[in-house]
Amino acid sequence: MENAEYRTVMPDVELICVKTDKFKTGYFSVTLLRNLRKETASKTALLPYVLRRGCSKYPNMESISAALDELYGASIDPVVRALGEVQSIGFACGFADDRYLPDGETILEKVIGLVGEILLDPATRAGTFDSEYVISERKNLCDRIRSLINDKRSYSIARLKELMCDNEHYGVDRFGTLKTAERITKLALTRHYRSVIASSQIKLFYCGSADIDRVEAAVLAAFRTLPRSEREEDVATQIKIDCAETRFFTEELDVSQGKLAMGFRLGPIMYHPDYAAIAIFNAVFGGSVTSKLFVNVREKLSLCYYAGSGTDRRKGVMLVSSGIDFDKYQTALTEIITQLDACRNGEITEEELSSAKKYVITMLRSLLDSAGGLEDYWLGQSIDGLTYGPEEYAALAEDVTVEDITAIAQSVVLDSVYFLRGRIEGQVG
Amino acid sequence: MEYKSYEKVGETVYHAVLDNGLNIYIIQKKGYMKSFACFAANYGGCDLRFKLDDGFTDTPAGIAHFLEHKMFDMPDGNALTRLSENGASANAFTSDSTTAYFFESTDLFEENLKLLLNFVSTPYFTLESVEKEKGIIAQEIRMGEDSPGRAVYVNLLNALLSSHPARISIAGTVESIAGITASTLEECHHVFYNPSNMVLCAAGDFDPQRVMQIAREIVKAPPGGMPVRDYGGPESMLPVRKLIEVNMEVSRPLYMFGAKLQPEKNGQSLYRQILAAELALEAMMGTSSPLYNKLYSKGIINGNFDYGIIDFPEVLLAYVDGEGEEYRAVMDAVFSEAYRIGREGFDKSLFNRIKKASIGGFLRSLNSLENCCISIAEGCFAGYDPMEGLDLINGITSEEAACLVSGILTEDNTALSVVNPQAGAEE
């Protein structure tokens, strides 16, 4: 069983290692944590993309790509995430495990070294980022923000979050807004970079066949020039417990299928959250194929192609999303609430409970078979200050009772409803 | 049961053929918590016209996908629910040429495997359930209609293909599925879901012999005939239309352009041809190529720029896709680079570097049990061994790769599909 080993390798820099022989490739990531704020989100999100354009040693993408080809097709990709109200930026790398390379070649140190170059020694002109890189990646960032509308399902969820959390940082997109993105200058970005690199908490994650001592040595060599100053701020997510009354929003676009998105607060249970119980509640209500939403809203009533729920334990919210015909809005809304009421009344069968547990437990165990899944899990644990592994989490899930689920369902309140429908004249449904 | 070791990539694959013709492949994955199994039929969205003995039968577009949805129904309830109750996460997909049912689980592998083999072998369709499914699939089709990525792809196929069934979406249309009945489903199940036309693939940390025993116990159907399929006859290498443009709710244009290639007949040569074409495209416009970097630094393409090969039965397509207004500039640059490569050949060191780089990607694909099993199943149907990919890539010369791209990506052969933003959507 693979568990994680932790080591603080520099001030505010934590290395998390999972040693395993079962993958044919290694995985390494570097993650910088910031508070997600409307004013800075775009600037922070732009950094990994500009850095990936060139460093002193490999001043353009072509030479970085060629270096990666020589490392047997290793990849170094920019990553931008929103984890609750924490924005994380950095790079994720995948590379062949040394065991499968010809002539006993080793590349772990070289890959981590290249990440260090890209992160810490950017291609600059007269002390600032290359303006060509800033201008072109700023354009790409704006395009990325605009293109959110291309996928109507995620667009409807993003709009719901924005409207529901209009006074909270949770509503901020991981890429920020078009308005802030368009205004970024190379000077402001360079200044922001220097502060982010020096004052952010950093998490390093490795999964592969090397042991932690070897990874630590590689990291210390690659990150030796990392500046470290006082931590500017602790990263945290504010949980809102109450909401006054449900708000309803409707928007129109030229679409043939309606998108219903509902935002719930998990409510007072978030004073002492039981994460395992929240996970099981979600699987019973709408998170799995045996859930009430899937079985009743989709299968029995044929109301929609998909209907599912997801919870964010960090923020204490649950989002439900469903694709429906325009004229099914009221029926779907009522049916979803009916299913939540069933949970509130404790109408949960033994089969529903045990299927939900098996679903959650299988998900947790399956994480152990994917380096990306392991990263996601351990990074989340580390940010939340938790130390238990997937197996222990699974054991906690096993103990959840119907009463635990009922208590959560009773605590849940509907905050906002968002409906994306077709324009009246172009209506198909 | 025979087995084959692939030392370079550290894999061992077991193989057996049952008396009724069912092919079984097992990949041992030491240390994995998860087990994966897929039971697949050589039957997909393109198999609309076929014959078993005499005379061709035409079936409605979307039938293979509809059948996939309905296979989970069993006389004693829904197989998906049964598998979920065991903690397995189960699903299915229908591609152009394959229907695959699969599950992964961390517990009760043998029981889940029995369930899988059993429900896929049991046709059970009622009038009521078939009618109800039409509502669910209609929603799925609607959802697809709102997807600009799907539209740009389907329109390219329509611009390129003259009579090939891949022009029609795998799920069919709301109209085409209206005509499906329980008896059409039964007939298609009978023709295509016979053991000789199927493969079972499993991967995980378990005893390969047990999988074979269980399959022998449950898949008792006799061997069936191999259906002959009609894909509309040979396609000319020229497109039907040069351009299809539509407007949708997108922030900026999405485009996809491409051309047809004549596929090799024999499975292994076809696989090598696909790998060679992919390698050639990578060397020509991959992230470390001069062309990619020129277009990227000019802001003409961004990180969503992509290219590849799609293999349909009896025809292959090479495509390039991306987003942005300057797709004509991208096309021109691609044509002139393909022409230049045809004349001057690939830069030798670049080409060898790209071959070296393919090792990492190939190893990465082997980490996923699902990916291993599904590529072996598809390889079995098409007559090649995907585990030999790295060796095949090794033997590809820069001359043949250069010849491939310059022959395919010409202005005459190419069609373009564009999804434009709605008029007046500009900010």
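**Close-up views of a predicted two-chain model**

**View 1. Lining of the largest cavity.** A:L32, A:L47, A:P48, A:L51, A:I89, A:G90, A:F91, A:L119, A:Y193, A:V196 and A:I197 line the largest cavity. Three elements of chain A each give two or more residues to this lining: α1 (41-51), β5 (86-96) and α7 (186-199). The lining divides into 10 nonpolar residues, one polar and no charged. The model shown here is predicted.

**View 2. Volume of the largest cavity.** The largest cavity has a volume of about 50 Å³. The structure holds four cavities of 30 Å³ or more. Rolling a probe the size of a water molecule over the atoms shows where empty space is left. Among the residues around the largest cavity are A:F91 and A:Y193.

**View 3. Where chain B meets chain A.** On chain B, 57 residues are in contact with 64 residues of chain A. The size of an interface is often given as the accessible area lost when the parts come together. Here the two chains bury about 5,200 Å² between them. Carbon and sulfur atoms carry 52% of that area. In chain B, the residues that lose the most area to chain A are B:Q139, B:D146 and B:E249. Together they make up 13% of what that side buries.

**View 4. Polar contacts and the chain B side.** Across the interface of chain B and chain A, 31 residue pairs are in polar contact, with both residues at pLDDT 80 or more. On the chain B side that touches chain A, the elements giving two or more residues are α2 (79-85), β10 (99-105), α4 (127-145), α10 (290-297) and α12 (348-365). The largest share comes from α12(B), with eight residues. The residues on this side of chain B divide into 17 nonpolar, 21 polar and 19 charged.

**View 5. A salt bridge between the chains.** A:E70 forms a salt bridge with B:K356. The closest N and O atoms of A:E70 and B:K356 are 3.0 Å apart. Between chain B and chain A the count is six salt bridges.

**View 6. A salt bridge within one helix.** A:K139 forms a salt bridge with A:D143. Their closest N and O atoms are 3.5 Å apart. Both residues lie in helix α4 (residues 131-146) of chain A. A:K139 and A:D143 are four residues apart, about one turn of the helix. Over all chains, the count comes to 57 salt bridges.

How values were computed: Residues are numbered from 1 along each chain as its sequence is written. Chains are lettered from A and ligands numbered from 1 in the order in which they are written. This is a predicted model: local features need pLDDT of at least 70, side-chain atom pairs count only at pLDDT 80 or more; totals for chains, interfaces and linings use all residues. Side-chain values use heavy atoms; hydrogens and water are left out. Contact means heavy atoms within 4.5 Å. Buried area is the accessible area (1.4 Å probe) that two parts lose on being put together, summed over both. A salt bridge is a side-chain nitrogen of Lys or Arg within 4 Å of a carboxyl oxygen of Asp or Glu. A polar contact is a pair of N or O atoms within 3.5 Å; within protein, one must be able to donate a hydrogen and the other to accept it, and residues adjacent in sequence count only if both atoms are side-chain atoms. Ala, Val, Leu, Ile, Met, Phe, Trp, Tyr, Cys and Pro count as nonpolar, Asp, Glu, Lys and Arg as charged, and the others, Gly among them, as polar. On a 1 Å grid over the protein atoms alone, a cavity is a set of points where a 1.4 Å probe fits but cannot get out, and a pocket is an open set with protein on both sides within 12 Å along at least five of seven lines; lining residues have an atom within 4 Å of a point. Grid points are joined across faces, edges and corners, and a volume is the space filled by probe spheres set on the points.
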